[in-house]
Each structure stands twice: as C-alpha cells, then as structure tokens.
Amino acid sequence: MRTRIFIILSAILLLVTIAMEMLLIPSLASAQNKDLIQYSPVFYWHIPVAWVALFAFLCVFIASIAYLWKRTPFWDIVATTSAELGVVFTTFFLLTGSIWAKFAWGTWWAWDARLTSSLVLWIIYIAYFLLRTYISNPEQRARFAAVFGILGFVDVPIVILTLFVSNQMHPGDAAFHLDKPQMIITLVTGVVAFTLLYLGLLFFGIHLREDAYEVSKLKETDGG
Amino acid sequence: MDNAGYIVTAFGVVWIGLFIYLFVLVQREKALRKEIAALKEDMKKA
C-alpha cells in the first residue's frame, strides 16, 4: 500500500515536471540562462536522478553501519535494496549526462573529474554486487558487503566536491543560473518526484527481499 | 541528431530503464509467490 502511494504520487509529480519543463520553462529565457533553458528538459531529469543515486548510496552507508552495529538481516536487506536502486539511478544519470554532454558540448564523454568520479561510483557498487555473488555464507556476505558499502561511500563526497573543480567540461554550480522561481520550483518538483519513486521502489524491494529471506529460512528448516 | 532528438532520447532512457527495472521486480515477485505456494503445498502434504 505504502509502495503504491509513493509510486502513484511520483508518477503524478513526474508528469507535472514534464508539463512545467515543456510549457513554463521555455518562456523564461533570458541572456543569462539561455543555455540552461535550451537544455532544460534534460537538466530537470539529470539533476533529480543524480540526487536520488547519491541519496541511495547514503542510505547504503547508513544501513551498512546499522547492520554492523545490530547484526540483523533487515539492515543488510535495506543496504542491498538501496545499492541496487543506486546502481539503477547512477546508470540513468550517466546516460542522461552523456546525452546532455553531446547536446551541449558536442561530445558523449570526457575524462574530467565529475564524469570520472561518477563512473567510478557506478563501478564501486557493481563490485558490491559481485562481492555479494561470490560469498556463499549469508552472515559473512552481509558483513563484508556492509564494510564495502561503508568504504564505497567515500566516492560520494568526491562526486559532490568535483562540482567546485574548475577547468572541466561538466558545469559547476555557477553554471546553474536558476534565476527564476519557476525554474527552482520545476527542479524541486522533479527532485521530490524521483525521491518518492526511490522510496516506493525501496519499500517494494525491501518487502520482496524480506519474503525471499523468510522463504530461504523455511527451506533450510524444511531441509534440516 | 537535432535538439528534440536528444531530449526524446534522454526521456526515453529514463522511462524505458524504469519500466525494465519494474518488470524485473514484478518477475521476482511472481517467482517468489510461486516458491511460497510450492512450500505451502509441501507443508500440507507433510
């Protein structure tokens, strides 16, 4: 029920964001924000998707600490589900970023600090799942994954800090000339929409993994 | 590709990606439900 509410709300807000991008934003063009207006349909998706990806990895970090502290399977399930969503949303933000780069600067990819640290983040959490695949003992797997989840989070502040690195293709915070309230509202609506979508998918994923865990426990008992 | 093409591609990547992910989740749920039903049957027999 909770999942459905979050997903329905996020779908409504995503449609509102698209409507605002298409109908509201083009009329706000000024000399300062001309570029941003031109790229806005990609911009208002790319930023919220990137925010959700980083937020998902923050949740992995917190859930991993909670697992090492409490040693209950629930926190391992939360960390795994959030890491999966983090990888999905990082894939989206790398792809939309690449499309935006081609659109704005004429190239699909550049090895600058922002793009490279984002790609490294994606690879770290792919490795997180590879690690989980190769350890068969559930408790050991959860413990190792929790440590990896905490260490992997180190790249998240690096991705954020690269916003302030100059001499790179990716625009820093100064490039975001959100000089009209309508632009900020559109961006916030997009961020809220994708955050609700993340929460809906997180609750659904946790519910699925909890059921799978119970089934595996029952099978063990049955087999024993 | 013109500007509209890039915009459509960016939207498409996210929408198609999300639908694929949702499809995978629903398939996982179906497989789990089947497993639970099989377990219930086994328990009844036992």
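Predicted model: local features only at pLDDT ≥ 70, side-chain atom pairs only at ≥ 80, totals over all residues.
View 1. Arg71(A) sits in the loop that joins helix 2 and helix 3 of chain A. Its phi is near 60 degrees, a positive value in a residue other than glycine. Most residues other than glycine have a negative phi.

**View 2. Helix 4 of chain A and its buried residues****.** Helix 4 of chain A covers residues 113-134, 22 residues in total. From first C-alpha to last, helix 4 reaches 31 Å, close to the 32 Å expected at 1.5 Å a residue. Its buried residues are Arg114(A), Leu115(A), Ser118(A), Leu121(A), Ile124(A), Tyr125(A) and Tyr128(A). In an α-helix, residues three or four places apart point the same way. The buried residues of helix 4 pack against helix 3 (73-105), helix 5 (138-152) and helix 6 (155-161) of chain A.

**View 3. Helix 4 of chain A against helix 5 of chain A****.** The two helices pack at an angle of about 170 degrees, with their axes 9 Å apart. That angle makes helix 4 roughly antiparallel to helix 5. On the helix 4 side, the contact is made by Ile124(A), Tyr125(A), Tyr128(A), Leu131(A) and Arg132(A). Helix 5 contributes Arg141(A), Phe144(A), Ala145(A), Phe148(A), Gly149(A) and Gly152(A). By class, this contact has 7 nonpolar, 2 polar and 2 charged residues.

**View 4. The largest nonpolar core****.** This core has 59 residues. Those that touch the most other members are Val49(A), Ala53(A), Ala56(A), Val60(A), Ala79(A), Phe89(A) and Tyr198(A). Elements giving two or more residues to the core include helix 1 (2-24) and helix 7 (181-223) of chain A, and also helix 1 (3-45) of chain B. Helix 2 of chain A gives the most, with 17 residues. Leaving aside neighbours within four places in sequence, Ala53(A) is in contact with Gly86(A), Phe89(A), Thr90(A) and Phe93(A).

**View 5. Chain B and its contact with chain A****.** Chain B has 1 helix and 0 strands. Its C-alpha trace spans about 65 × 10 × 5 Å along its principal axes. Of the 46 residues of chain B, 7% count as buried. The contact between the chains takes 18 residues from chain B and 21 residues from chain A. On the chain B side, these residues divide into 11 nonpolar, 3 polar and 4 charged.

Conventions: Residues numbered from 1 in each chain as written. Chains lettered and ligands numbered in written order. Helix = DSSP H or I, 4+ residues; strand = E, 2+ residues; numbered from the N terminus. Expected span 1.5 Å × (residues − 1). Buried ≥ 20, exposed ≤ 12 C-beta atoms within 10 Å, placed from the backbone. Contact = placed C-beta atoms within 7 Å. Nonpolar A, V, L, I, M, F, W, Y, C, P; charged D, E, K, R; others polar. Core = buried A, V, L, I, M, F, W, Y, C linked by C-beta atoms within 7 Å. Axes fitted to C-alpha atoms, helices over the stretch in contact; angles between N-to-C directions. Parallel < 35°, antiparallel > 145°, perpendicular 65-115°, else oblique.
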